[in-house]
Amino acid sequence: MNDREENESPFPEYKGERDMDAFWKAITVKQEPSKQKWFLPVLIVLVVCSVPWYRSEGEMGYVLLGFPVWIWTSIVCSLGVAILTAIGIFGFWKDDDPG
Amino acid sequence: MNDGVHELGITPIVFLAVYLFVMIGIGWLGKLRAREKSLRDFYLGGSSFGVFVLFLTLFATQYSGNTMLGFTGRSYREGGTYVVSIMFMVLTITMISLYGPRLFRLSRKFGYITPADYIYHRFGSHWLRIICVVLLCWGLANYILEQLVAMGHAVEGLSGGRIDFMTGVILLVIVMLTYETLGGMRSVAWTDAIQGILLVGGFSIILYIILTFDGGLTAATEKIAAENGQPAKLQVPGWQGIRTWFSTLLLLMFGVSVYPHAIQRFFSARSLTTLRISLAGMVFMPFLTTMLAFTLGFIAISRFTDLSTFESDQVTLLMLLDIINESDFIRWLVITVFVALVAAIMSTTDSALLSIQSMITKDIYSVYINPKASQQGLLLSGKLFGWILIAFLVGMTWVSRQTESSIWTLIRLKLEFMVQISPVFILGLFWRRLSGRSVLCGVLVGTGITLVLWVGAALGYWDAASRSPLGISAGVWGLTANYLICFIGGLLWPEPEPSQSVSSGKI
């Protein structure tokens, strides 16, 4: 199993100190998904579209591959959010590993 | 359902015994690989996990017995609207990808072991730390309780009733405590890796069942619409249902994304690359797990009518037992799913228990009760606390069995409270003006509102199904007030600039 071979832990252990200058300096990430201007709007649109508020109550609609289309719409929107998140993680989460 | 002995004989029991011995063996290996007797080594595996172990431990921890039992039962009861479960599991990882980069960076720089290390560092409030730990432990204890109930069902089903509910619970708990006590997070993550692989196998078999039996999904949908008289489960919900849908999304995305055992797993990552790859993989796992659980519950509507809430939580087992005599091949598949179910339950329970132990030890005992305790003393007290807690929860499981409590009710109880912690991470990592006092006030008011609404439900002020006004969950009402207080507090009474901040004071 993928364990580090060194005998000593390279990490400090937090013991309750509060140097807030150091805290706010350390928090700066080179690039992160939340700082992309398009990320949150696209996310919100996909989430809102996944809920069938725009359809009539009691409607079943066409059945496609076993599910009504409104269920498929929600699944496709979920897939969209998953792809968006993966793009965010791989493309826009960049940083030096502070460890 | 499990009163009779099914046709599988003692083969599943032999399988279970082999599996449990392997788990103890892995626990022993974890102990041998321990490098030092420190909290970081025991509770975070020395922050050494590569992609393989980290991904599988995240997966096995996130997807529990509840996914295979509770989610399927809920899908059976609600029908198409429970498709919401796929989105909320995806959103959980999306939320982590939003605040995770900052928290991961801080955890590396300052050496956090528990989420409360960050909370105290960021806000400097003892009361906030204590209240957050209490809420998180409350949520996790409920989480464990729910898994213990699932353990009993799984072992009873697997053995065809030869091992009764409580014996099954006690047997699995003893094995789980053994490997966890031996190697801590390292053992838990390594057993999670095995359990994760079994879980993937189990869900793949469910997919096979969905696609092949009795005409699959299409035939089930036709039957639901035509014969079973339950077309409502295929129809678009009304406004009450839409509100509940949004409320469920908010509750789960904010609540599940602050699970302390999940946060501690990304403290355990060997590197940023390891973490990014694992999270990117995790975001697609709902399509292999939650979506299949939803579909299985959906198909079950066409097969079983009028199951009670308690019975419907076992609908996965009912579906499996329904097809068990089809062929020898199917019997082996069913055995595999049962073992995967046991694995899923154990992997989630051990992670939650380890997380509670770490918070009680690191955030409460070593700070407020025995600040001079050695690392070895802290580890011993954590293990002792874990054993006492689990003994209590096994007792509670027996009570739950007597009252036939639904698994979903237990989940809601934990999330409604845990979700109140979310501003600590979501706002605290991005907004400097947010002060400890504002967050403390927000968390207390949010939790108070949630409690009042639950009491209101118990007194019958709103309908029993939604347990809160307008079909919006009590936790979301509390969370709304919580965020409002944080925003107003941050604007009117901001956190002092760093140079003015005061070092840790007395409680």
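Me: Is A:Leu65 buried or exposed?
Reply: A:Leu65 is exposed, because 10 other C-beta atoms lie within 10 Å (12 or fewer count as exposed, 20 or more as buried and anything in between as partly exposed, with C-beta atoms placed from the backbone). This is a predicted model, where local features need pLDDT of at least 70 and side-chain atom pairs count only at pLDDT 80 or more, while totals for chains, interfaces and linings use all residues. Residues are numbered from 1 along each chain as its sequence is written, with chains lettered from A and ligands numbered from 1 in the order in which they are written.

Me: Where does A:Leu65 lie?
Reply: A:Leu65 sits in the loop between strand E1 (63-64) and E2 of chain A (strands are DSSP E runs of at least two residues, helices H or I runs of at least four, numbered from the N terminus). Its phi is positive, about 50°, although A:Leu65 is not a glycine.

Me: Thanks! Now the helices: at what angle do H2(A) and H3(A) pack?
Reply: About 160°, with the axes 8 Å apart (axes are lines fitted to C-alpha atoms, for helices over the stretch in contact, and angles run from 0 to 180 degrees between N-to-C directions). That makes H2(A) roughly antiparallel to H3(A), a label for angles over 145 degrees.

Me: And which residues of H2(A) and H3(A) make the contact?
Reply: Among them are A:Phe39, A:Leu43 and A:Leu46 of H2(A), and A:Cys77, A:Val81 and A:Leu84 of H3(A) (contact is C-beta atoms, placed from the backbone, within 7 Å). The residues of this contact divide into 9 nonpolar, 5 polar and no charged (Ala, Val, Leu, Ile, Met, Phe, Trp, Tyr, Cys and Pro are nonpolar, Asp, Glu, Lys and Arg charged, and the others, Gly among them, polar).

Me: How many residues of chain A are in contact with chain B?
Reply: 57 residues of chain A, against 71 residues of chain B. H3(A) gives the largest share of chain A's side, 13 residues. That side holds 32 nonpolar, 14 polar and 11 charged residues.

Me: Over in chain B, why does B:Leu453 count as buried?
Reply: B:Leu453 counts as buried because it has 23 C-beta neighbours inside 10 Å. B:Leu453 lies in helix H21 (residues 436-458) of chain B. Leaving out residues up to four places away in sequence, B:Leu453 touches B:Ser468, B:Ala474 and B:Trp477.

Key: Two residues are in contact if their C-beta atoms, placed from the backbone, lie within 7 Å. Angles under 35 degrees count as roughly parallel, over 145 as roughly antiparallel, 65 to 115 as roughly perpendicular and the rest as oblique.
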